Amino acid sequence: MSLPSTPPRIAVTGLGGYARHHHLTLQRLERAGLCRVVATCDPSLEKMLPQSADLCLAARGVQLFPTFEKMLDGIARTADAVTIPTPIHLHAPMHRKCVERGSPVYLEKPPTLWWEELESMIEVEARASRATEVGFNFITEPARHTLRARLQAGEFGSLRAAAFWGRWPRPAAYFQRNYWAGKILLPDSPVPLLDSCVGNAMGHYLQNLLHWAAPAGSAFATIQEVRSSLYRAHVIQGTDTVFAEGRTPEGIALRVGVTHACPPESEGHAEFLSCENAQLRYVTGSNCLIEWTDGRRETIDLAGQGDWQERNFRRYFDYLAGRQAAPVVSLRECRAFVAWNDLIFAATPGITTLGPDVFSFHADGAIPAPFGIVAAVQDFAEKGRWPDENPQLTWSKSPGRAHLADLPLALGIIRALAQASF
């Protein structure tokens, strides 16, 4: 297996959407002499080029292609890796085409949100010249790894629960920006899409929880069973508000309370670890507060850890060059993440549609927010209090339950959920 050139030559799939973020980050790394972007493609190339003038593609010698396939054929001997920051349902076929042509892949999360498709991708990966990196944002944070080492060394006592709450308000336009946003299932597709706040926008944090809860010797935990209740205040096929609890084989509770339907001024997020001797609140980019049961407090500054996308690319470049033994997150290490997402949908008694009688409008009517949602997601994540346990939350429903063995039944449930949407 030959090593890539120095610096590595990178091809980027797409110019708009999240691909633009890849281009901007790689442009900075290129200036630092850490990589060279040699090609890009876009099906709307003529439309996108004027919007991409700041990337100076021609001046940098970046080859332009109208399709992904033509780019792969054109870079067969001139690129060391391909980045794929495209819509979720395109990941698997694009990954396959890269592997078939011998091109290593940096794939944005989620790799897919359907367990059978992930297994197919892992089978394809067996023929790859290099393993795929799945780009979860925050796994490479230095402070996170230091704290995880302290956790696994027993400094905080045994981990009982790891949780995340996230309030990321999104207007109606967010779900109208493309043909797949907020969809459970696309027409005529055999593979569920399951785009949601928990699988896509805030999916990074689910992987973080699996990282915190991993047993010694493992990078990520596994999930045995899931309870969930799902809601939608926006007019979408899927869900914009999720309350879900997973259980690991070791008995650790992993809870997520997340929503896109909340007042703009309530925006925020935090990871929360409940341990035998301490509680930790970790807010990416801000600080980590550690409160011991004996009254001691410690605050760790989390600012200044560098750009997460740059860290991820640098780490993958190190792997390609043989300076690291493996990617940070491989496709195999996404199994629990994908299964958890599938079981969240398989467990729910249904996606509860909320009407204007139980929410208020914000941002000039663009964002609906269920009454009590601000406290509800945080109470669930940090205290384990389900919304239906609060009599003031009249819109709440009891959660359902699913086990890992129920995955083969999930497709039928997901199809029924899609048919029951608006």
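## Helix 1

The buried residues of helix 1 are Ala-19, His-22, His-23, Thr-25, Leu-26, Gln-27, Leu-29 and Glu-30. Here buried means under 20% relative accessible area, exposed means over 50%, and partly exposed lies in between, with a 1.4 Å probe and protein chains only. Helices (H or I, at least four residues) and strands (E, at least two) are DSSP runs, numbered from the N terminus. This is a predicted model, in which local features need pLDDT of at least 70 and side-chain atom pairs count only at pLDDT 80 or more, while totals for chains, interfaces and linings use all residues. Residues are numbered from 1 along each chain as its sequence is written, and side-chain values use heavy atoms, with hydrogens and water left out.

Helix 1 covers residues 18-31, and its 14 residues should span 20 Å at 1.5 Å a residue. The expected span is 1.5 Å times one less than the number of residues. The end C-alpha atoms of helix 1 are 21 Å apart, which agrees. Its buried residues pack against strand 1 (9-13), strand 2 (36-41), strand 4 (81-84), strand 5 (105-108) and helix 10 (308-320). Contact means heavy atoms within 4.5 Å. After helix 1 comes Gly-33, whose phi is positive, near 80°.

In helix 5 (residues 115-125), the buried residues are Glu-117, Leu-118, Met-121, Ile-122, Val-124 and Glu-125. Seen down the helix axis, these buried residues fall within an arc of 160°, so they line one face of helix 5. The arc is that of the directions from the helix axis to the C-beta atoms. The partners of these buried residues are helix 4 (91-100), strand 5 and helix 11 (335-347).

Pro-110 is found in the loop between strand 5 and helix 5. The peptide bond from Lys-109 to Pro-110 is cis, with omega near -15°.

## Two positive phi angles

Most residues other than glycine have a negative phi, and most peptide bonds are trans. Asp-188 is not a glycine, yet its phi is positive, about 65°. Asp-188 lies in the loop between helix 7 (172-175) and helix 8 (197-201), and it counts as exposed at 83% relative accessibility.

Asp-364 also has a positive phi, near 60°, in a residue other than glycine. Its place is the loop between strand 16 (359-362) and strand 17 (367-370). Asp-364 counts as exposed at 85% relative accessibility.

## Cysteines

A disulfide is a pair of cysteine sulfur atoms within 2.5 Å. By this rule the structure has zero disulfides. The sulfur of Cys-35 is too far for a bond, because the closest cysteine sulfur, in Cys-56, is 15 Å away. Cys-41 is in no disulfide either, and its nearest cysteine sulfur, that of Cys-98, is 9.4 Å away.

Cys-35 is buried, with a relative accessible area of 2%. Cys-41 also counts as buried, at 4% relative accessibility.

## Aromatic rings

Rings of Phe, Tyr and Trp (its six-membered ring) pair if their centres lie within 6.5 Å; planes under 30 degrees apart count as stacked, over 60 as edge-to-face and the rest as tilted. The structure holds 18 aromatic pairs. In one of them, the rings of Phe-359 and Phe-361 have centres 5.1 Å apart and planes at 85°, so this pair is edge-to-face. Phe-359 is buried, with a relative accessible area of 7%. Ring pairs also link Tyr-106, Phe-313, Tyr-316, Phe-317 and Tyr-319 into a cluster.

A charge sits over a ring if NZ of Lys or CZ of Arg is within 6 Å of the ring centre and within 35 degrees of the ring normal. The charged end of Arg-296 sits over the ring of Trp-292, 4.2 Å from its centre. Arg-170 lies over the face of Tyr-174, at 5.6 Å from the ring centre.

His-211 lies in helix 9 (residues 203-212) and is buried, with a relative accessible area of 3%. Leaving aside neighbours within four places in sequence, His-211 is in contact with Ile-139, Arg-144, His-145, Arg-148, Ala-219 and Phe-220.

Arg-227 lies in strand 8 (residues 225-232) and counts as partly exposed, at 24% relative accessibility. Arg-227 and Arg-401 are 174 residues apart in sequence, but 4.3 Å apart in space, C-alpha to C-alpha. Not counting residues up to four places away in sequence, Arg-227 touches Phe-243, Ala-244, Glu-245, Trp-386, Pro-399, Gly-400 and Arg-401.
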